[in-house]
Amino acid sequence: MSLLITNIGELMTQDSEHAVLRNAAVVLEGERISWIGSAANAPAADEAYDAGGRAGLPGWVDSHTHLVFAGDRTGEFEARMAGESYAAGGIAATVDATRAANDYDLMRLLLARVAEAAAGGTTYLETKTGYGLDVLHEERSARLAAGAVDEVTFLGAHLVPSGWDPDDYTDLVCGPMLDAVRPYVRWADVFCETGAFTAEQSRRVLAACSATGLGLRVHGNQLGQGEGVALAVEFGAASVDHVNHLSDGDVRALAATWGAFAEDGAPGTVATCLPACDLSTRQPFPPARQLLDAGVHLALASNCNPGTSYTSSMAFCVATAVLQMGLTVHEAVRAATFGGALALRRHTGDDVDGRRAVGSLAVGHRADLQVLNAPSATHLAYRPGMPLVHAVWKAGTRVR
């Protein structure tokens, strides 16, 4: 079954040419895009959808979320808004609630959050474990997530639980816990930060997870300058996330990982910015302009979680990046689509192992597309907070 989406006033493809087409059309054939071009030259299809001059762009690729949880942390949020500083230890409250929830309720909560994200235009979604923090509950979180999202990341190294020696817990993460979650996850992450895991403990986690074939990610440089970026570069991590506090050396190190990208397509370490979290924790925004100007590729992600960023609205993140972080609309949209795909290493692929590229619109890529109730993507920042998503297709199926 083919679908012609026509009369698209502005089509922001985020493809390799960064093309923005006017009066465009797209043909979806099953799960893939089979044609893109001028609406005047569009081929026939089994069905047609008239976008009415509205803007089209790729579905959001949200490369950093924490969706497998139960419980509520509004009290912590209120305290932070009253002036208390953020510390990593708040995670423990969510761990208790998540462990207490049964599988049915935890999956119901997870699926509801996934549906909210899809309604907001997110068509490719990563989420992490990290609210179980023992072998049984980390395995459960990974297993449930694998049935609900596109990419699952092991984050047993989220916080050292109360009563544990940090080195003994790191041993657990690197051994029995890793073995238990391995069938369900593609990535591993570590929270390298004061109050969480030291640089040496983080290095042990990254080395153990890399040895099993998992791709790597790092939570780093959120609360202050630290070793997160250096570790991400050392281990060839796909992304380092938060990056609020960077030295000039950190920026140069990240930029150096992108030296081969233009020549042979080998991506470096993506700097993933989480602006909704920064607003909630009142951290300084990452130096996005400096990173881009240095040649570092950016991703924007929601960091949806119960403590510091309880939103899956990628449109909100895009608007914040434009209004507060100095990005253009095109740069912010690219970071929230193609940038997220880069961070998940899903930016290429045309029927390779059944996985098609996401985060951009091109022939052969997965048919992930959103139509805004606006004439251009500029309205995402021009009208911040407005419900602009008009229609969404994920892998060729309309989900809104």
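How many nonpolar, polar and charged residues are in the lining of the largest pocket? By class, that lining has seven nonpolar, ten polar and three charged residues. Keep in mind that this is a predicted model.

**The largest pocket**
- This pocket has a volume of about 420 Å³.
- Its lining is made of 20 residues, and the closest to the centre are D15, H18, H297, R334 and F338.
- Two elements, α13 (329-336) and α14 (338-343), each give two or more residues to the lining.
- The biggest share comes from α13, which gives four residues.

**The second largest pocket**
- Here the volume is about 340 Å³.
- You'll find 22 residues lining the second largest pocket, with G120, S313, A315, F316 and M386 nearest its centre.
- The helices α3 (103-119) and α12 (314-325) each give two or more residues to this lining.
- Sorted by class, the lining has 13 nonpolar, five polar and four charged residues.

**Where α4 meets α5**
- Two packed helices are described by the angle between their axes and the distance between the axes.
- For α4 (residues 135-146) and α5 (residues 166-181), the axes come within 8 Å and cross at roughly 40 degrees.
- That angle is why α4 and α5 count as oblique to each other.
- The crossing of α4 past α5 is right-handed.
- On the α4 side, V135, E138, E139 and A142 make the contact, while α5 brings in L172, P176, M177, A180 and V181.
- By class, this contact has seven nonpolar, no polar and two charged residues.

Notes. Residues are numbered from 1 along each chain as its sequence is written. This is a predicted model: local features need pLDDT of at least 70, side-chain atom pairs count only at pLDDT 80 or more; totals for chains, interfaces and linings use all residues. Side-chain values use heavy atoms; hydrogens and water are left out. On a 1 Å grid over the protein atoms alone, a cavity is a set of points where a 1.4 Å probe fits but cannot get out, and a pocket is an open set with protein on both sides within 12 Å along at least five of seven lines; lining residues have an atom within 4 Å of a point. Grid points are joined across faces, edges and corners, and a volume is the space filled by probe spheres set on the points. Ala, Val, Leu, Ile, Met, Phe, Trp, Tyr, Cys and Pro count as nonpolar, Asp, Glu, Lys and Arg as charged, and the others, Gly among them, as polar. Axes are lines fitted to C-alpha atoms, for helices over the stretch in contact, and angles run from 0 to 180 degrees between N-to-C directions. Angles under 35 degrees count as roughly parallel, over 145 as roughly antiparallel, 65 to 115 as roughly perpendicular and the rest as oblique. A crossing is left-handed if the near helix is turned anticlockwise from the far one by less than a right angle, and right-handed if clockwise. Contact means heavy atoms within 4.5 Å.
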